[in-house]
Amino acid sequence: MVHIGHMDSRTDEELLQAYYGCEDTALESLCERYYRRLWDYFRKLGFSEQDAEELTQETFLKVATGKRRDRGRFCSGNFQGWLFTVAHNVAFDHWRRMKRLREVPLESDKDSGETPLTVCLTDDWAKPDEVAETVLFAQVLTRCLAKLTFRNRAIFLLKDYFGYSGIEVGGMLGMTEAQVNMARFHTRRKIQECLEEKGISLRPLAAPGPITQIIMKFKDEILVYLEKSHRGDIDE
Amino acid sequence: MSEKNFLGALRTLCEIEVARAPARHSLQTQKCLTLARFMPWSQANWTDSEREHVSGCRYCQRMMALVWREECPRLWTLVKYKYAMGTFPFDEAMRFHVDRDGCPRCSRILNSPLIDRLKNLVAQGADLAGSAVAAYGEVASAAEFASIKRPALHIRDTSEDGLLVSTLLETAEGLLVLHVESPDRKNIGRRVVAEVISESGSLLRVELELVSAGEFGCRAEHAYGRIRDLPWSRENFVFLVRWLGEAG
């Protein structure tokens, strides 16, 4: 289990049990541990910074209220899964509230992509040092996420961005693993199309050409030949 | 960029973005109450300094409004807010709840004549904290989807000190019955007044005396008759139960 904060060495489950046992500070430790991650989740879903911080707090308030049936769910042993289930429901409720009240689109929906982005990501972009490059990649991603439905955004973020397994994401969103994978298939395709528009190709490497095919077919023989060549066993 | 590297890049981006995210709410200060202190069961135990802080703190007001997203404020709280009675400490929270969150239930109640009738009761000396009061009808269920078949009436409320619990319910036979309970046996023999006030102004008033309910404290009961025969049953109404006289 990934722990974001390390102020309290107890596990999530121990902290939550401690809170239910009237240790108020245990809730603060949990909040400290997951605040950033939840805030980022809400931002990537497309909410404003102010909404993101309020939705994060609302999620923890709901965890603190901890209805009995939810506690039962938590007792299955996956606190993060439960936390993101609550977070997703909080986000969805707020999204509906926004639609009902003001019909204001989510922040990412407002962006129609008029501002040109100059992003150049290559295969070496595994550990970007440049903050500006990170920001640009995040912007491109946010614009592409805006093209997805609310649920598919959540699936993409939880599965591909945060790295939860299909079963975990299914548990968080009330879906089966197969449904998650199916939705993810379409989601990935849309994201791929969008990123390609922005100059980021996700296509697998091109099919090997004829010379490459010969090399692959006779790879073992070539390796033996090279080995012998290094030892000087081959007569020129 | 290959798919594998794209996933790697996403995870790296995730690590960076999470690390760059704020560690706490932008309005939160060291003096602000902890989340646990905002739980409904903790609010009754706030110290004077906590109350004073909350009344002037934007973060704490927001937290109150977030708590109200889960469970709306009590009717009395709305009366106090609308008529600025005493020192109402949650002004900003209430504005947030009604205006920004657009709570349909509280907006409807604040614009209903029922709230004026409650205000009049307060003006006549009704004790706010010691009463159990609930709304029924469109007012209460404004946020819910309309039901083709009306569900059986069942409303319940507990006074802020927890000493008076009242339930108004419709039985399977269509009778409207009132139950009043108190967990404290010291209240045996005390009298309560139960009032039903409709939007059109009709008033139904009953006085009851609490009798022993064994180890469970004390209780009283009253049957109003068949609900379909009651003139206000198709209106919005509030239902209020309060003590008559001081505790012995």
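Reply: B:E195 has B:L240 as its bridge partner in strand 9 of chain B. This is a predicted model, in which local features need pLDDT of at least 70, side-chain atom pairs count only at pLDDT 80 or more, and totals for chains, interfaces and linings use all residues. Residues are numbered from 1 along each chain as its sequence is written, while chains are lettered from A and ligands numbered from 1 in the order in which they are written.

Me: What makes strand 5 and strand 9 of chain B a pair?

Reply: Two strands pair if DSSP finds at least two bridges between them. Strand 5 (residues 191–198) and strand 9 (residues 237–244) of chain B are joined by eight bridges and run antiparallel. Strands here are DSSP runs of E with at least two residues, and helices are runs of H or I with at least four, numbered from the N terminus.

Me: Why do strand 1 and strand 6 of chain B stand at the edges?

Reply: The open sheet has four strands in the order 1-9-5-6 (chain B), with antiparallel pairing. Strand 1 (132–136) and strand 6 (203–209) of chain B each have a single partner strand, so one side of each lacks a neighbour in the sheet.

Me: How do you know that strand 7 and strand 8 of chain B pair?

Reply: Strand 7 and strand 8 (residues 218–226) of chain B are linked by two bridges in the antiparallel sense. B:V211 stands opposite B:R219 in strand 8 of chain B.

Me: Why is helix 4 of chain B called oblique to helix 6 of chain B?

Reply: Helix 4 (residues 58–70) and helix 6 (residues 91–100) of chain B pack at an angle of about 45°, with their axes 8 Å apart. That angle makes helix 4 of chain B oblique to helix 6 of chain B, because angles under 35 degrees count as roughly parallel, over 145 as roughly antiparallel, 65 to 115 as roughly perpendicular and the rest as oblique. The axes are lines fitted to C-alpha atoms, for helices over the stretch in contact, and angles run from 0 to 180 degrees between N-to-C directions.

Me: Which residues of helix 4 of chain B meet helix 6 of chain B?

Reply: Among them are B:M64, B:A65 and B:W68, and the residues they meet in helix 6 of chain B include B:F96. Contact requires C-beta atoms, placed from the backbone, to lie within 7 Å.

Me: What is the mean pLDDT of chain A?

Reply: pLDDT is the predictor's confidence in each residue, from 0 to 100. Chain A has a mean of 75, and 63% of its residues reach 70 or more.

Definitions and conventions: Two residues are in contact if their C-beta atoms, placed from the backbone, lie within 7 Å.
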